[in-house]
Amino acid sequence: MTIITHYQWKCFSIEEQPHLLPDGREIAFTTLIHPGAVIIIPIDSDGNLVMVHQYRPAVKQWLLEFPAGTIEPNEDILISAQRELAEETNLAAKQWHALGELLPVPGFCDEIQYLYVVKELTPTQGELDDDEIMDVVTFSVAEIEQKIIDNQIQDNKTLAAFLKARLLGFI
């Protein structure tokens, strides 16, 4: 079997390729190939968390999310996170703590999301991508927890990142 690219768009593709299952069977499996992403949880000097209120055309909704973005080709993961933080929030951070990784949709996509908590925030200049519309907002941990309870935060990467940061004692 050979690899068949069914669709290519920007840095994403849909590929069908041979795969050997643990029981020894070989199958053709179709995967959304994704370069990976970064998710950043900025914490200000008062302990509040910085989020973005972003319009997402795919779901036609405004969502509350932590700053995040796709890793550019051949880009270092930390450099990607620093770039995305600046682009989406006009902030830089002096302290960076890696929290590990998430697999958002492993049933059909190979994306890995890399999580960071950042502190010691300072203003910087960033520029949004052409298709991004967002506002920067800040909430206390209690406000975020209430928004989760009230279903006002629905983005899975934000929910998972918040949980991991909370369990690790960063928030």
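Entry: I began with strand S1 (residues 4–9) and strand S2 (residues 12–20). They pair in the antiparallel sense, and I find five bridges between them. S1 and S2 make a hairpin with two residues between them. Lys-10 sits in that turn, with a positive phi of about 50 degrees. I keep in mind that this is a predicted model.

**Entry: the chain overall.** I then stepped back to the whole chain. How many helices and strands does the protein chain have? I get three helices and ten strands. Along the sequence, the pattern reads β-β-β-β-β-β-β-α-β-β-β-α-α. The C-alpha atoms fill a box of roughly 55 × 30 × 30 Å along the principal axes. The chain has 171 residues, and 37% of them count as buried.

**Entry: domains.** I looked up how the chain is divided. Domain 1 takes 1–33, and domain 2 takes 36–102 + 112–168. I noted the distance between their C-alpha centres, which is 30 Å.

**Entry: a three-stranded sheet.** Next I traced an open sheet of three strands. Its order is S6-S5-S10, and the pairing is antiparallel. Which strands are at the edges? They are strand S6 (61–65) and strand S10 (134–139), each of which pairs on one side only. From one strand to the next, the twist averages 25 degrees. I followed strand S5 (residues 49–56) against S10: the two run antiparallel and are joined by six bridges. In this pairing, Met-51 stands opposite Val-137 of S10.

Entry: Cys-11 is in no disulfide, and its nearest cysteine sulfur is that of Cys-109, 11 Å away. The cut-off is 2.5 Å between sulfur atoms. I also compared the surroundings of the two. Cys-11 has 32% relative accessibility and counts as partly exposed. Cys-109 has 7% and counts as buried.

**Entry: helix H2.** I moved on to helix H2 (residues 141–149). Its buried residues include Val-141, Ile-144 and Lys-147. They cover an arc of only 120 degrees around the axis, so they sit on the same side of H2. On the other side of H2, I find Ala-142 and Ile-149 exposed.

Entry: I stopped at Asn-151, in the loop between H2 and H3. Its phi is near 65 degrees, a positive value in a residue other than glycine. Is Asn-151 buried, partly exposed or exposed? At 49% relative accessibility, Asn-151 counts as partly exposed. The exposed class needs over 50%.

**Entry: helix H3.** I took helix H3 (residues 156–167) next. It has twelve residues and reaches 16 Å from its first C-alpha to its last. That is close to the 16 Å expected at 1.5 Å a residue. Which residues of H3 are buried? I listed Lys-157, Thr-158, Ala-161, Phe-162 and Ala-165. Seen down the axis of H3, the buried residues fall within an arc of 130 degrees, so they line one face of the helix. I then looked at Leu-167, also in H3. With 68% relative accessibility, Leu-167 counts as exposed. Gly-169 follows H3, with a positive phi near 85 degrees.

**Entry: one more positive phi.** My last stop was Glu-120, in strand S9 (residues 113–123). Glu-120 is not a glycine, yet its phi is positive, near 55 degrees. Its relative accessible area is 41%, so I logged Glu-120 as partly exposed.

Key: Residues are numbered from 1 along each chain as its sequence is written. This is a predicted model: local features need pLDDT of at least 70, side-chain atom pairs count only at pLDDT 80 or more; totals for chains, interfaces and linings use all residues. Side-chain values use heavy atoms; hydrogens and water are left out. Helices (H or I, at least four residues) and strands (E, at least two) are DSSP runs, numbered from the N terminus. The expected span of a helix is 1.5 Å times one less than its number of residues. Buried means under 20% relative accessible area, exposed over 50%, partly exposed in between (1.4 Å probe, protein chains only). The arc is that of the directions from the helix axis to the C-beta atoms. Domain bounds come from an automatic or database domain assignment. Two strands pair if DSSP finds at least two bridges between them. Axes are lines fitted to C-alpha atoms, for helices over the stretch in contact, and angles run from 0 to 180 degrees between N-to-C directions.
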